[in-house]
Amino acid sequence: MEFKLIDFNKYSSPVEVKDYELFIGPEGEYYKVKTRYESDQNCTHYVWAEKYLEEFGLSSLLTKEKITKKCKTPLEVLVHYCGFIRYTHMYGRNIYLNIPNKLYFGYILSKKQINSLYNLMDYNHDKVNDDIINQIERLDEEYDTKIDKVFEKFKR
């Protein structure tokens, strides 16, 4: 199946991506995968991730042993190695996220990503369970700790 209409444009506002399944990039930018109402036959997060890696010359990441030990699919490479968040819905307005595991490659979400995620969830009136909020807040604390360590180095 040929996916010529995959959208690799960056979007900056939740208004532009309302009701889309998407990725949130490292700088908090949104990338549309498909509308929530489209069939998976049009495009999936897995296909989008594979095509993104191809489009931007990153396919070689799929052959590096250091990466493939932890990431088995292009989607996992995009999330855990490149630092993207997968944002999708399950059962109506309930969201499901794939967030980079910092234990894999040390990636911690940026403040921009966290803000973009919260803005999108608020704009879409998503239903979010406590586990997701706790996961995001824990990442936010880790981000703050990381920044504190950087500033400590400057003080010396």
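Biologist: How does Tyr-104 count by its relative accessibility?

Modeller: Buried means under 20% relative accessible area, exposed over 50%, and partly exposed in between (1.4 Å probe, protein chains only). At 32% relative accessibility, Tyr-104 therefore counts as partly exposed, and Phe-105, at 22%, also counts as partly exposed. Lys-72, at 62%, counts as exposed; this residue lies in the loop between helix H2 (65-68) and H3. Helices (H or I, at least four residues) and strands (E, at least two) are DSSP runs, numbered from the N terminus. This is a predicted model: local features need pLDDT of at least 70, side-chain atom pairs count only at pLDDT 80 or more, and totals for chains, interfaces and linings use all residues. Residues are numbered from 1 along each chain as its sequence is written, and side-chain values use heavy atoms, with hydrogens and water left out.

Biologist: How many aromatic pairs are there?

Modeller: Rings of Phe, Tyr and Trp (its six-membered ring) pair if their centres lie within 6.5 Å; planes under 30 degrees apart are stacked, over 60 edge-to-face, and the rest tilted. The count comes to 13 aromatic pairs. One of them, Tyr-31 with Trp-48, is tilted, at 5.5 Å centre to centre and 55° between the planes. Tyr-31 belongs to strand S2 and Trp-48 to helix H1, so this pair ties together parts 17 residues apart in sequence. Tyr-31 and Trp-48 are both buried. The rings of Tyr-104 and Phe-105 have centres 6.4 Å apart and planes at 85°, so this pair is edge-to-face. Ring pairs also link Phe-8, Phe-23, Tyr-31, Trp-48, Tyr-52, Phe-56 and Phe-84 into a cluster.

Biologist: Which residues touch the most other members of the largest nonpolar core?

Modeller: A nonpolar core is a set of buried Ala, Val, Leu, Ile, Met, Phe, Trp, Tyr and Cys residues joined through side-chain atoms within 4.5 Å. In the largest, of 20 residues, these are Phe-23, Trp-48, Tyr-52, Leu-78 and Phe-84. Strand S2 (30-35), helix H1 (45-55) and helix H3 (74-81) each supply at least two residues of this core, and H1 gives the most, with 5. Apart from this core lies another, of 18 residues, including Ile-24 and Ile-132.

Biologist: Where do the buried residues of helix H5 fall, seen down its axis?

Modeller: In H5, Gln-113, Ile-114, Ser-116, Leu-117, Leu-120 and Met-121 are buried. They fall within an arc of 165° (taken from the directions from the helix axis to the C-beta atoms), so they line one face of the helix. After H5 comes His-125, whose phi is positive, near 55°.
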